[in-house]
Amino acid sequence: MAAGAARSEMKPVRPAFVPDPSASREAMEALQREIAAAAAFADDFGFDSAAVSTTAATHTLDSIADDRTAAGPSHDDPPTVVGVDQAFLDDRAVGAIVALRGGEVIERAHAVVDLEFPYVPGLLSFRETGAILAAFENLDVEPDLAVFDGSGRIHYREAGLATHMGVTLDLPAVGVAKGLLCGAPQGSLDDLPEGTRVAIAANDSVETADDVDTVIGYALQTRQYDSGNRHINPVYVSAGHRVGGDTAADLVERLCDGYKLPEPTRLADSYADEVKRDHSG
DNA sequence: GCGACAG
DNA sequence: ATCTTGTCGC
């Protein structure tokens, strides 16, 4: 390796799971079943979820003293969380990633690739993954967690975008969607108070679920008006990979900073627009 | 047959 | 997702 070039470009750990937009629909669905089988819908990450936040950690005098006397490695660095989002221009897709550590943006990476597949509900990853994986290859930092714009386990074959990407990169991942793809909310979603979460159970449209009672995600009311006529809709949070459903909701809640969407997602969103503008002329 | 359907 | 001004209500 060249001196001074210590890049850690993130590449697929499971190349066989990289979506092939030219595959048949049957092959795509078969791949999704494999991915769901390989996915871990339980916590398996090496950071403290309580250290995830939108603001820089406040160091107490005690913790500073602890740091100085601790024998082991310092755990000062908050987890690195990346927000991933997409935008489109003509027949090209923009993949945008913003990396945050303790509320600070530490890196941004993007890629622009030609679109090869249309939007088909349930097959979103076959449309958007090319740009996302290309953007990850341009990312230097090693993320601890990725927040994707779309579903994870809330999917017909429990293999939504967040799950597909998480498994392919073997990266802890959660999905945050603005709409519900499938599943049955276990309660009313109308005008919920801020902080409320309603479980989304599998239903007949979730082909891979054994029980119809399996919780595949949550409707999470990340923000709500205190009063008035209008109200805000919840977001739909689900496990992507190596994160359990309730932990996914906890993490998303911690990552929201007064807005409906988590901060990494909002920043990736505006970064994608920025890239899009630069590629328009 | 009809409706539903992440981005 | 995207095309887009003003507008209603926090």
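## Sheet, salt bridges and DNA contacts

Strands β5 and β9 (residues 235-241) pair in the antiparallel sense over 5 bridges. Within this pairing, Val174 has Ala239 in β9 as its bridge partner. The model is a predicted one.

The two strands belong to an open sheet of 9 strands with mixed pairing, and the order of the strands is β3-β2-β1-β4-β5-β9-β8-β7-β6. At the edges stand β3 (104-114) and β6, each with a single partner strand, so one side of each has no neighbour in the sheet.

### Salt bridges

The structure contains 12 salt bridges. One of them joins Arg157 to Glu29, with the closest N and O atoms 3.8 Å apart. Arg157 sits in the loop between β4 (145-149) and α4 (161-169), while Glu29 sits in helix α1 (residues 25-38), so this pair ties together parts that are 128 residues apart in sequence. Is Arg157 buried or exposed? Its relative accessible area is 3%, and because buried means under 20%, Arg157 counts as buried.

Helix α1 also supplies Arg33, which forms a salt bridge with Glu207 at a closest N to O distance of 2.5 Å. Glu207 lies in the loop between β7 (197-201) and β8 (215-220), so the bridge ties together parts that are 174 residues apart in sequence. Arg33 is partly exposed, with a relative accessible area of 39%. Glu207 is partly exposed as well, at 40% relative accessibility.

A further salt bridge is formed by the side chains of Asp149 and Lys178, with 3.2 Å from N to O. Asp149 is in strand β4 and Lys178 in the loop between β5 (173-177) and β6 (184-185); the pair links distant parts of the chain, 29 residues apart. Which residues are joined into one network by salt bridges that share partners? They are Arg25, Glu29, Arg33, Arg157 and Glu207.

### DNA strands B and C

There are 17 residues around DNA strand B, and those that come nearest are Tyr119, Gly122, Leu124, Ser151 and Lys178. Of the atoms of DNA strand B that come within 4 Å of the protein, sugar and phosphate account for 50%.

Around DNA strand C are Ala87, Phe88, Lys178, Tyr225, Ser227, Gly228, Asn229, Arg230 and Lys276. The surface near DNA strand C has 3 nonpolar, 3 polar and 3 charged residues.

| Residue | Part of the residue | DNA strand and atom | Distance |
|---|---|---|---|
| Asp149 | side chain N or O | B, sugar or linking oxygen | 3.1 Å |
| Ser151 | polar backbone atom | B, base nitrogen | 3.1 Å |
| Lys178 | backbone N or O | B, phosphate oxygen | 2.7 Å |
| Lys178 | polar side-chain atom | C, phosphate oxygen | 3.2 Å |
| Asn229 | backbone N or O | C, phosphate oxygen | 3.5 Å |
| Lys276 | side chain N or O | C, phosphate oxygen | 3.1 Å |

Lys178 brings several of these points together. A backbone N or O atom of Lys178 lies 2.7 Å from a phosphate oxygen of DNA strand B, and a polar side-chain atom of Lys178 lies 3.2 Å from a phosphate oxygen of DNA strand C. The side chain of Lys178 also meets that of Asp149 in a salt bridge. At 46% relative accessibility, Lys178 counts as partly exposed. Asp149, the salt-bridge partner of Lys178, has a side-chain N or O atom 3.1 Å from a sugar or linking oxygen of DNA strand B.

Methods
Residues numbered from 1 in each chain as written. Chains lettered and ligands numbered in written order. Predicted model: local features only at pLDDT ≥ 70, side-chain atom pairs only at ≥ 80, totals over all residues. Heavy atoms only, no water. Salt bridge = Lys/Arg side-chain N within 4 Å of Asp/Glu carboxyl O. Helix = DSSP H or I, 4+ residues; strand = E, 2+ residues; numbered from the N terminus. Buried < 20%, exposed > 50% of the residue type's maximum accessible area, 1.4 Å probe, protein only. Pairing = 2+ DSSP bridges. Near = heavy atom within 4 Å. Polar contact = N/O pair within 3.5 Å; in protein donor to acceptor, adjacent residues only side chain to side chain. Nonpolar A, V, L, I, M, F, W, Y, C, P; charged D, E, K, R; others polar.
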